[in-house]
Amino acid sequence: MRGGGERAGLALSRWGLALIGVTIVRLLVAACTPLSPDEAYYWVWSRALAPGYLDHPPMVALWIRAGTALLGSGALGVRLLGPISAAIGTLFLALAARDLGAGDGPPASRMVRAGVLLNATLALGIGAVMMTPDTPLLFFMTLALWALGRLLATGQGAWWLVLGAALGLACDSKYTAVLPGGGLALWCVCSRSGRAWLRTPWPWCGALLAAILFLPVIGWNEAHHWASFVRQGGRAGDWRPARAVQFLSELAGGQLGLMTPLIALAFGGGLWRAWRRAGRDPGAAVLLWWTIPAELVFIQHALGDRVQANWPVLLYPAMAILAASPVWRFWRAGAALGFALTLVVYIQSTLAPVSLSPHLDITLRQMAGWQGLAQAVDGLAAPGGFVAADEYGLASELALALPHRTVIGIEPRWALFALPRPVEGSGVFLCSMRRLRDLDLSPFSNATRIGTVERARKGNVAERYAVFRVTLAPGSPVGAARLPAGE
């Protein structure tokens, strides 16, 4: 027995060292890869903190504010908590797999397999070096699974409070966190063990704690005409069955890509095995309730509209636990393929050794050439003049890259921010060539096109922009805001 325990401890130590190595690599990639427009936009959030925003709840802004307080507004400062939270979340996931994964092999093996499978997905590999709402969401979902495992393993009701807090913070990260929480509520109603808990105060107190943590988001929405709830919840009623095959195919293809093929096979097999064992395995049963209702919601949504590939990623930690219980012979090969694909993305995003078009290279399309673009625009603007843009991502990138220049965002969403409104003045205005046909120049009293600038990497053009010399119309245009300056 001692020898088995020593071997298990040695294996966990080795995998712990590997996790440290992976985290160091992720920190380096996070530091060397330019910020995407969405990340720059979330950085603006962090400089104008609020209990809510049009697109998402505020947790990503708080995480960025913490990272930039330590390391400044560079790429590593914005993304600092991404690689760190992925590492800590992996430890919580391993502990959850120990408590929830009743299956083949010793607990230490399940712990290792769950952690490796999740980290080998392309979703986590890319998500750990970027900062989006999915980053804190995944962390709090793994924390919730750890608390759920402790609840089942110990039978101590106080774990409902940890579980409620984790789910509340997950909802403060992204609204989709309500789906696993809803599945857990269904488990409480539909299972004998869940109904037994409902006769105690613990799950009710946990739900109350989650609601309290989410209350500021509700308050912000109430004060802003329910803007965020309407934007996100309005998608639920879409119904275009004529395109359902296309949307369902895109959903399946997106998950195959983000999981990577062999890990997708392991995840599917884990769900099937859990279905067969649910009657005698409490961990499998509760994880099925955690995942299946959410999956059905995504499938239902795909009957009427496109499901973004990253939406189901919040279910990956639970599926990694389910996939870790059986000893899939190909799990090492699947993990190796996943890490290899992630490494290819890392190399392309930092070194760009392969010349690809922006249609094929998302790192070129999203992240490349922002500093060069900002310098070109700065050279076209008169001393003391502003730079303006009508795309939130473009305006945010310019605000980060031009700390000594006034940058103005002109879009209705900016009216929801506590940012200063611009005063009259002159400057230059950028508009992507793909948006030129629908360009609205009404915020300006005059506008004259003066040229075109490019955003490129190693001669590969990611996007072209029309440049106008403009003067702001009298009064503050609706939806115009002066963005915070980078460092």
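**Briefing: a strand, a surface patch and a loop residue**

The model is predicted.

**Strand 3 and its partners**

- Strand 3 spans residues 426-432 and is mostly covered, with six of its seven residues buried.
- Strand 1, formed by residues 386-389, pairs with strand 3 in the parallel sense, and four bridges link the two.
- Strand 5, formed by residues 460-472, runs antiparallel to strand 3 and is joined to it by seven bridges.
- Within this second pairing, V428 stands opposite R469 of strand 5.

- The residues L17, I20, I24 and L28 make a nonpolar surface patch of about 420 Å².
- One of these residues, L17, is found in helix 1, which covers residues 2-32.
- L17 counts as exposed because its relative accessible area is 61%, where the cut-off for exposed is over 50%.

**A buried loop residue**

- T260 lies in the loop between helix 14 (244-259) and helix 15 (261-277).
- T260 counts as buried because its relative accessible area is 1%, where the cut-off for buried is under 20%.
- Leaving aside residues up to four places away in sequence, T260 touches A120, L122, Q255, G334, G338 and L341.

Terms used. Residues numbered from 1 in each chain as written. Predicted model: local features only at pLDDT ≥ 70, side-chain atom pairs only at ≥ 80, totals over all residues. Heavy atoms only, no water. Buried < 20%, exposed > 50% of the residue type's maximum accessible area, 1.4 Å probe, protein only. Pairing = 2+ DSSP bridges. Patch = residues over 30% accessible without salt bridge, like charges linked within 9 Å, V, L, I, M, F, W, Y side chains within 5 Å. Areas by Shrake-Rupley, 256 points an atom, 1.4 Å probe, with all protein chains shown as cover. Salt bridge = Lys/Arg side-chain N within 4 Å of Asp/Glu carboxyl O. Contact = heavy atoms within 4.5 Å.
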